[in-house]
Amino acid sequence: MKLDNRDFQDYMSKKTTYKAASSVAKAIEKHFAHQLSAARMRGDTNLAIEPNVKMVETMIDTAFWASLRREEGNSTKISIAFLPPEQAGVPILFEQKMAFTAYHLTKLSLGVERPGVHLGVWHENDQLFIWGTTLKIPNLCFILDVSEPGMLVIKHRRVHGFGKFANVAVLIGDQVKIIDENSASHPDCPELLQYLLGYTVPHSWSDSMNVLVQLAVSMRAHRHGGSLLVVPSDNDNWRKSILHPIKYSVSPPYSGLSDLMSKDINVRSEVMWQGALRTEVETLAGLTAVDGATVISDKYELYAFGAKIGRSVGNARVEKVYMSEPIVGGGAVMINPSISGGTRHLSAAQFVYDQKNALAFVASQDGHFTIFTWSPTEEVVQAHKIDTLLL
């Protein structure tokens, strides 16, 4: 792979101008150093190499300005992986290295915007360069996603390589959100949130929590807003909190996703099974766009969609919600449910207040995403804003 020194002239003279890059770089460096050090001590293998603070700052700065550019009328969308070619399996290698500039990121973006494709970036003599593309990355590899204009997501591949990548930070313009890894230690933290924050726990395609994450991601992606209620499969108490008749009740319950999840573990690792799972997830998530709530069991059977939530007879109205967001400085506050969001949020809070063994997802049209659960310890409905973990 040849190096054209003239290509680096603009790169060498460039200074960091996106202020959020310098403000967050040290925390990002510290996070990856800590995670990789802990992984080495556990004896984990196939580990990435952490970037230093200057590399993190330069990558964020360059990617931000690239996100504001357009190529053939399209915004720059690209996934950047920090790794040498030797850790990329069988990559596509450029004959000539390219300087890591906003110009090159924009020009390459249309060719590498598909899911799972990463633009490989490494360093030489303290200079970052683009060496090619890859589908394979090592564990805990630094990934920088340019999601939309002005929005960057820093994430890494989970230690055991399965499930959604773990988010580390989200930058939206001058707003910086760093994921608080200690959020999972809060009382009655829902298992779904623990999974999203669980950097070291192995998970696979077959995991129940991974499927719920995929449903949440798909719900958020359709941008129509929606509600999903996950209820116990061993009783029908949830019907007491739904107005009747249910316009789109399903009988018998649709079991497409449930049937897939019941397959043998060996079958679940096959590509065809994974493709079928994605299709079923997209189908269920799509139904949440219909006005009302979609109801599924904890075994993923579809009971109804377009269902209207109502307060159970004899039950009190929910009066408080414990709202939190798993980011540094996010904190948690007790609020009146009427200010937790729109009608969907209020209805979801009431449903969980009445059906304490249920789980409620609410996606807003603007991309915000909240999960509602009951806290036995605090005896209150918890509302966890998790959109920063789903990007």
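This is a short chat about reading a few features of a predicted model.

Visitor: What should I know before I start?

Guide: Residues are numbered from 1 along each chain as its sequence is written, and side-chain values use heavy atoms, with hydrogens and water left out. Since the model is predicted, local features need pLDDT of at least 70 and side-chain atom pairs count only at pLDDT 80 or more, while totals for chains, interfaces and linings use all residues.

Visitor: Which domains does the assignment give?

Guide: Domain bounds come from an automatic or database domain assignment. Here, that gives domain 1 (5–178) and domain 2 (191–389). Taken over C-alpha atoms, the centres of the two are 32 Å apart.

Visitor: How do I read the packing of two helices?

Guide: Two packed helices are described by the angle between their axes and the distance between the axes. Helices (H or I, at least four residues) and strands (E, at least two) are DSSP runs, numbered from the N terminus. Axes are lines fitted to C-alpha atoms, for helices over the stretch in contact, and angles run from 0 to 180 degrees between N-to-C directions.

Visitor: At what angle do α2 and α3 pack?

Guide: Helix α2 (residues 19–42) meets helix α3 (residues 53–67) at about 135°, and their axes are 8 Å apart. The pair is therefore oblique (under 35 degrees is roughly parallel, over 145 roughly antiparallel, 65 to 115 roughly perpendicular, and the rest oblique). Contact (heavy atoms within 4.5 Å) involves A21, S22, V24, A25, K26, I28 and E29 of α2, with V53, V56, E57, I60 and D61 of α3.

Visitor: How about α6 and α9?

Guide: Helix α6 (residues 208–222) and helix α9 (residues 271–287) have axes that come within 9 Å and cross at roughly 55°. That makes α6 oblique to α9. On the α6 side, the contact includes V211, Q214 and L215; on the α9 side, L277 and V281 are among the residues.

Visitor: What is the phi of N125?

Guide: Phi of N125 is positive, about 55°, although N125 is not a glycine. You'll find N125 in the loop between β6 (118–124) and β7 (127–134).
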